[in-house]
Amino acid sequence: MQQIVNALINNRTFILFLFLLLFSFSFISDRSLYHNSKLNRLSIEMSGSIFNITHSINSYFNLKKVNNELLIENKKLLEYEINRNENKLFNNSNIPFEVFHAKVIKNSIKSSRNYLIINKGSKDSIIREMGVISSQGIIGIVNIVADNYSSVISILNRDLRINAKFKKNNAFGSLNWNSINTNTVTLNDIPIINSVRIGDSIVTGGMSTYFPEGILIGVVSSYKSNLVNGYYEIDVKLNNIVGNELNVYILKNKSKIKIKSLE
Amino acid sequence: MLNENLRLTKYFILGVLLQVLVFESLDFFGYVNPIFYVIFLLIYKFDGSETKFILLSFTLGLLVDLLTQNPGSNTISCLIISYIRPVLINFSFGVNADVSNGMINGTRLENRILFVGLIIFFHHLIYFSVSYFSFSAYIDIIKNTILTTLLTAILIGITLGFISKK
């Protein structure tokens, strides 16, 4: 103990310098949006490089599981391809999206504002506010983009709201996480005139430019009707386990600029 | 000791006020402004307390940043210079690095010029690097650093000349 105290006293100038330097950087980041975004990019790039190493090791041990997932996904794609050929109208009604593949190298589920880091960045044409999905459901929205890595606001983040609807009757509302259970999100703003049953499928609404219409999010696990404001409060069990996702797809809406200019 | 503190306070206040009220709006060649408060980083006693110097330099930079609406480049550059100053003193003055008021008297002129040049150059380099905060702006950083270093060096050289004569 005495040695630690002595070491601290001997290096007090350096400790003071380091403390003030950290304070200065937080000060500059607070006062300037430009420095804030630059520092954020730097921190993503640094943590991305570190987590990339652990990810490489972990991914080797998960090969069997990933292989199974890819088989299931291939099957789904084949089904989609067949459906598309049979029904050209289905294709035309969707907003055109370009798809990029990325790997999750850091995923948090323990905080109330969770983030993921993926191994694609601005060098791979990733920009802010792109939707991120997996083969099983939705993951989140791209938030900060560095050169080689990006951070994604997870669906398990209480600040994120996503447009969602009932598959059966197209009644739409907004989905957000209640910070309690990592496999349940809450669907709000569905008027009580709609009929709701446990097990009903909830899909993306297509009202935002992040996700195309009709991606499965989950199923209704419980609901209660609020007679005071006339809306349901619906718990939706997510179709995917966000904490376990390793491979994700980033969606680029080609018509986003056009849609934004009309809004 | 009291005299020394008074002298420091004088340069501290003078540095901040002149920087904020006069030199911040000079705009030589349209955009170059000398950074005069660096004089405080030069005249602090060579054998003075390092901890006190770091705290004072940090406060100096912070005050200038707050008063000139700068996000924080002055704070960071002052802080880093205050930490590396002993190395620059040893490099510039060699065996005379222990002369207490080496910047005013008791040392050779060439050594003082080298010290002034190094402190101003590194301060400005850090200042502009933090301001631009981008590798791609390195030409602007170098150009601004050189121009501002020349201007500040002339200004501080004249001021230090007056102080030494007194």
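## A:Met207 and its loop

A:Met207 sits in the loop between strand 9 (201-204) and strand 10 (216-226) of chain A. Helices (H or I, at least four residues) and strands (E, at least two) are DSSP runs, numbered from the N terminus. This is a predicted model: local features need pLDDT of at least 70, side-chain atom pairs count only at pLDDT 80 or more, and totals for chains, interfaces and linings use all residues. Residues are numbered from 1 along each chain as its sequence is written, while chains are lettered from A and ligands numbered from 1 in the order in which they are written.

A residue is buried with 20 or more other C-beta atoms within 10 Å of its own, exposed with 12 or fewer, and partly exposed in between; C-beta atoms are placed from the backbone. Leaving aside neighbours within four places in sequence, A:Met207 is in contact with A:Asn163 and A:Phe172. Contact puts two C-beta atoms, placed from the backbone, within 7 Å. A:Met207 and A:Phe172 are 35 residues apart in sequence; their C-alpha atoms are 9.2 Å apart in space.

## Chain A and the cores

Chain A contains six helices and twelve strands. Of its 263 residues, 28% are buried. Among contacts in chain A with a separation of 6 or more, 58% join residues 24 or more positions apart.

The largest nonpolar core has 44 residues. Such a core is a set of buried Ala, Val, Leu, Ile, Met, Phe, Trp, Tyr and Cys residues joined through C-beta atoms within 7 Å. A:Ile118, A:Val132 and A:Ile139 have the most contacts inside the largest core. Strand 4 (residues 138-145) of chain A gives the most to this core, with five residues. Another core, of 41 residues, lies apart from it and includes B:Ile35, B:Cys78, B:Val130 and B:Ile141.

## Where the chains meet

The contact takes 13 residues from chain A and eleven residues from chain B. On the side of chain B that touches chain A, helix 3 (50-68) and helix 4 (73-93) of chain B are the elements that give two or more residues. That side has seven nonpolar, three polar and one charged residues. Ala, Val, Leu, Ile, Met, Phe, Trp, Tyr, Cys and Pro count as nonpolar, Asp, Glu, Lys and Arg as charged, and the others, Gly among them, as polar.

Helix 2 (residues 12-31) of chain A packs against helix 3 of chain B at an angle of about 10°, with axes 9 Å apart. Axes are lines fitted to C-alpha atoms, for helices over the stretch in contact, and angles run from 0 to 180 degrees between N-to-C directions. The two helices are therefore roughly parallel to each other. Angles under 35 degrees count as roughly parallel, over 145 as roughly antiparallel, 65 to 115 as roughly perpendicular and the rest as oblique.

## Helix pairs within a chain

The axes of helix 2 and helix 3 (residues 33-61) of chain A come within 5 Å and cross at roughly 120°. These two helices are therefore oblique to each other. A:Phe25, A:Ile28 and A:Ser29 in helix 2 meet A:His35, A:Asn36 and A:Leu39 in helix 3.

In chain B, the axes of helix 4 and helix 5 (residues 109-132) come within 9 Å and cross at roughly 150°. Helix 4 and helix 5 of chain B are therefore roughly antiparallel. The residues of their contact divide into 14 nonpolar, seven polar and no charged.
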